[in-house]
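Open the model in your viewer and keep the selection panel at hand.

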Amino acid sequence: MSAVTLDHITKTYDKGKVLAVNDVSLQVEEGELFGLIGPDGAGKTSIFRILTTLLLPDKGTASVRGYDCVKDYKEIRNRIGYMPGKFSLYQDLTVKENLDFFATLFGSTIEENYELIKDIYDQIKPFSDRRAGKLSGGMKQKLALCCALIHKPEVLFLDEPTTGVDVVSRKEFWDMLKHLKQQGITIVVSTPYMDEAVLCERIALIQNGKIMSVDTPDKIMAQFPVKLYAIKADNIYHLLTDLRSMPEIDSSFAFGEYIHITLKDAGADIDTLQRNITQRGHTHVDIKLIHPGIEDSFIRLMNQA
Amino acid sequence: MEEKVIVCKDLTKRFGDFYAVNKISFEVNKGEIFGFLGANGAGKTTAMRILCGLSHPTSGEAMVAGFDVYKQPESIKKNIGYMSQKFSLYENLTVVENIEFFGGVYGVSSSEIRKRSDNLIQKLGLTAEAKKLVGALPLGWKQKLAFSVAIFHQPRIVFLDEPTGGVDPVTRRQFWDMIYEAAASGITIFVTTHYMDEAEYCNRVTIMVDGKIEALDSPANLKTQFEADNMDEVFYRLARRAKRSGD
């Protein structure tokens, strides 16, 4: 049995005018760390809200641990933890009061499952008497995770837990998720940051309500159909505009200090390309063959759609 | 000598005994793309608010677009543009209405607004959407429009606070094309971001840690200085030392 199943789920808003989720099917296995990767408006939150029984789909069926998301909503609610994208704890309760409240709601106590949250809770414990509304972004995020975990859920849903969070806190957060996974909890997490995709076991790339690809990050990257080159020169912006006007270039996208390009002719000679670019007045031209990343794959799939 | 559009010296903002911004000094050149990075709580927003004329510093000096942040905050506001992920456009006004509103607020004449707004709408490919409410546009289009509106009055500097958060990877790059174009036309860009690849697109980058500027140089020089392969690593090395955390 899969931990989470979506079977041809469709969701529209505004009397059918806005198609948020478009015939999405996927499975998340027991104990898996699964990522939904896509930008704002891709449909990630709608999928989360359907799975957490907060939203009814227009079409299709969905289940969590074998329970139907529409009929068995009460069963599901007891078995899942949900951390919404928007901070949803009680701002005028303290850290400890929030945690107590959520434990009680699920007929549990902080002590009963303390082991599960200990590592995370220890980091906010010095502030246990502070009101949640007065916490910093990083601490709010940790408290929200503790509250979603305190009843020891079987499946944890985390909707964009790292959005707007700096690189250091993001790394810490992913370390916490890995640790939770080792304790057997199935985790479904969404993120708009493509670099976080490789931290998941399997991912779904989602755009405009449609799943573009579901697989392990390695396999998705390996499916990139053509050779990918990284190129740089002294004036990177002029290089980018020049590349766009060159007929032999199929695609060119800035990636940090390099520009990633694909060529129309698979057998094209790189030395010739280098000469053509140098002839346009570019200096220190450097071209190399590279392995595509998730963001390369995402862009490629987006442009095919 | 290059023209400086922002000059800060020992700029400090104290709340009680908390130094949100602690003696920061830097200069930004005309037409430069200046990246302003830091962990949550490092003091970026406070510093940016001072430079936009929205908050008085406790001590130190700062000149923005030739005006003093203590004495001439209103002149500063007229000469800058501002855009953030959170606030940029009125969702329940149409595309045209937003352009007219912000153009008017910044003192662009009606005839000028009409002329420029037609050009802008055409350039953005929004002709069919011109009379639609901004709330109905996809996020990527909204952000591109918001940026165009922020530089509509041809300010000397535009402040961009995480302008590309949550935007898809293709639109994110189109957005940076617009930034480059604006910089080439002489508008100075002051930008914050959580995407470290975008730090590479800046001419120079500062990294703030606990209210202080801990690094300021071109991305290439910072990578050499910190013996790092990419900006992500540079940032991580610096920000990891932070003692405080916050928003």
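Start by colouring the two domains of chain A: their centres, taken over C-alpha atoms, are 38 Å apart. The contact between them takes 13 residues from domain 1 of chain A and five from domain 2 of chain A, where contact means heavy atoms within 4.5 Å. Select 4-217 for domain 1 and 228-304 for domain 2. These bounds come from an automatic or database domain assignment.

A word on the model before going on. This is a predicted model, in which local features need pLDDT of at least 70 and side-chain atom pairs count only at pLDDT 80 or more, while totals for chains, interfaces and linings use all residues. Residues are numbered from 1 along each chain as its sequence is written, chains are lettered from A and ligands numbered from 1 in the order in which they are written, and side-chain values use heavy atoms, leaving out hydrogens and water.

**Chain A as a whole**

Show chain A as a cartoon. It has ten helices and 14 strands. Helices (H or I, at least four residues) and strands (E, at least two) are DSSP runs, numbered from the N terminus. The C-alpha trace of chain A spans about 70 × 45 × 35 Å along its principal axes. Chain A has 305 residues, and 54% of them count as buried. Buried means under 20% relative accessible area, exposed over 50%, and partly exposed in between (1.4 Å probe, protein chains only). Of the contacts in chain A with a separation of 6 or more, 68% join residues 24 or more positions apart.

**The second largest pocket**

Rolling a probe the size of a water molecule over the atoms shows where empty space is left. On a 1 Å grid over the protein atoms alone, a cavity is a set of points where a 1.4 Å probe fits but cannot get out; a pocket is an open set with protein on both sides within 12 Å along at least five of seven lines; lining residues have an atom within 4 Å of a point. Grid points are joined across faces, edges and corners, and a volume is the space filled by probe spheres set on the points.

Which residues lie nearest the centre of the second largest pocket? Select A:Asp195, A:Glu295, B:Asp197, B:Asn230 and B:Asp232. The pocket holds about 1,200 Å³ of space, and 41 residues line it. By class, 19 of these are nonpolar, six polar and 16 charged. Ala, Val, Leu, Ile, Met, Phe, Trp, Tyr, Cys and Pro count as nonpolar, Asp, Glu, Lys and Arg as charged, and the others, Gly among them, as polar.

Next, highlight the elements around this pocket. Those supplying at least two lining residues each include helix H6 (167-182) and strand E13 (258-263) of chain A, and helix H9 (231-239) of chain B. H6(A) gives the most, with six residues. Domain 1 and domain 2 of chain A each contribute at least three residues to the lining.

**Two cavities**

The structure holds two cavities of 30 Å³ or more. Helix H8 (236-245) of chain A and H6 of chain B each supply at least two lining residues. The lining divides into eight nonpolar, one polar and three charged residues.

The second largest cavity has a volume of about 30 Å³. Select A:Leu6, A:Leu26, A:Val28, A:Phe34, A:Leu36, A:Ile47, A:Leu51 and A:Val188 to see its lining. Eight residues there are nonpolar, none polar and none charged.

Zoom in on A:Asn98, in helix H3 (residues 95-105) of chain A. Is A:Asn98 buried or exposed? It is buried, at a relative accessible area of 0%. Beyond residues up to four places away in sequence, A:Asn98 touches A:Leu89, A:Tyr90, A:Leu93, A:Ala132, A:Leu143 and A:Cys147. Draw a distance from a polar atom of its side chain to the backbone oxygen of A:Leu93: 3.4 Å.

Move to B:Ser218, in the loop between strand E10 (212-217) and helix H8 (219-225) of chain B. B:Ser218 counts as buried because its relative accessibility is 18%. Leaving aside neighbours within four places in sequence, B:Ser218 is in contact with B:Asn203 and B:Arg204.

Finish at A:Gln304, in helix H10 of chain A. A:Gln304 is exposed, with a relative accessible area of 52%.

Notes
A polar contact is a pair of N or O atoms within 3.5 Å; within protein, one must be able to donate a hydrogen and the other to accept it, and residues adjacent in sequence count only if both atoms are side-chain atoms.
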